[in-house]
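Here is a briefing on a pocket, a hairpin and a nonpolar core. Look over the sequence and the model before reading on.

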Amino acid sequence: MKWMTKIASMTCIFALLTGCGDRLSEIKDAASGINTAANSAASAVSRDVHAIRALDINYKDTSFTVNDLFKTILRDIRWDYDPEKNELHVRGTWQPPLFSDQPWNDELKEKLAESGVVTITCKINDDKFDSSQTNVTVMNNNEILLQKNGEKALHHLYDTYLLSLN
């Protein structure tokens, strides 16, 4: 009878440890995924991006940096730079007063503030934005709500920045 108890106990312990092994493997995989994402984010914010973020912008008798601009008008920013195309890609969450001239109702504005994604692509030539090559897109739930291009789009970003200073 004692040997049956021992065998039953050993079987239960073995079954539990087998389950723990699978769980430990899942935890290792998750940690590996987090590490990979962190490395990817670190490489995306390269020295080039840091140099671009420090570039000065002079607009309407006001001087500010690229970093100041985007950190003021967006939340949760992600920076990417494509050195082959000389393009800065900035992605962040919408926040007012960006595009406050749009006829969006209060419910949509709340949704945008939670999950609205603003994607901005700026071509850089001689340490300045090429205003004709600027693209701005506002999306909510994979639906494009607004798309602006060119100098008007870039100047709208600058004007929003200046408005937020007041």
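A pocket here is an open set of points on a 1 Å grid over the protein atoms alone, where a 1.4 Å probe fits, with protein on both sides within 12 Å along at least five of seven lines; lining residues have an atom within 4 Å of a point. This is a predicted model: local features need pLDDT of at least 70, side-chain atom pairs count only at pLDDT 80 or more, and totals for chains, interfaces and linings use all residues. Residues are numbered from 1 along each chain, and side-chain values use heavy atoms, without hydrogens or water.

**Largest pocket**
- The largest pocket holds about 160 Å³ of space, a volume filled by probe spheres set on the grid points.
- Its lining is Leu55, Asp56, Ile57, Asn58, Val66, Asp127, Lys128, Phe129, Ser131, Leu154, His155 and Tyr158.
- β1 (56-59), β6 (128-129) and α5 (150-165) each give at least two lining residues; helices (H or I, at least four residues) and strands (E, at least two) are DSSP runs numbered from the N terminus.

**Hairpin**
- β1 and β2 (residues 62-65) run antiparallel, joined by four bridges; pairing needs at least two DSSP bridges.
- Ile57 has Phe64 as its bridge partner in β2.
- Two residues lie between the strands, and Lys60 takes a positive phi near 50 degrees.

**Nonpolar core**
- The largest nonpolar core has 35 residues: buried (under 20% relative accessible area, 1.4 Å probe, protein chains only) Ala, Val, Leu, Ile, Met, Phe, Trp, Tyr and Cys joined through side-chain atoms within 4.5 Å.
- α5 supplies the largest share of this core, six residues.
- Among the residues with the most contacts inside the core are Phe70, Phe129 and Leu157.
- Phe70 touches (heavy atoms within 4.5 Å) Ile77, Trp79, Leu88, Val90, Ile120, Cys122, Phe129 and Leu157, leaving out residues up to four places away in sequence.

Terms used
Buried means under 20% relative accessible area, exposed over 50%, partly exposed in between (1.4 Å probe, protein chains only).
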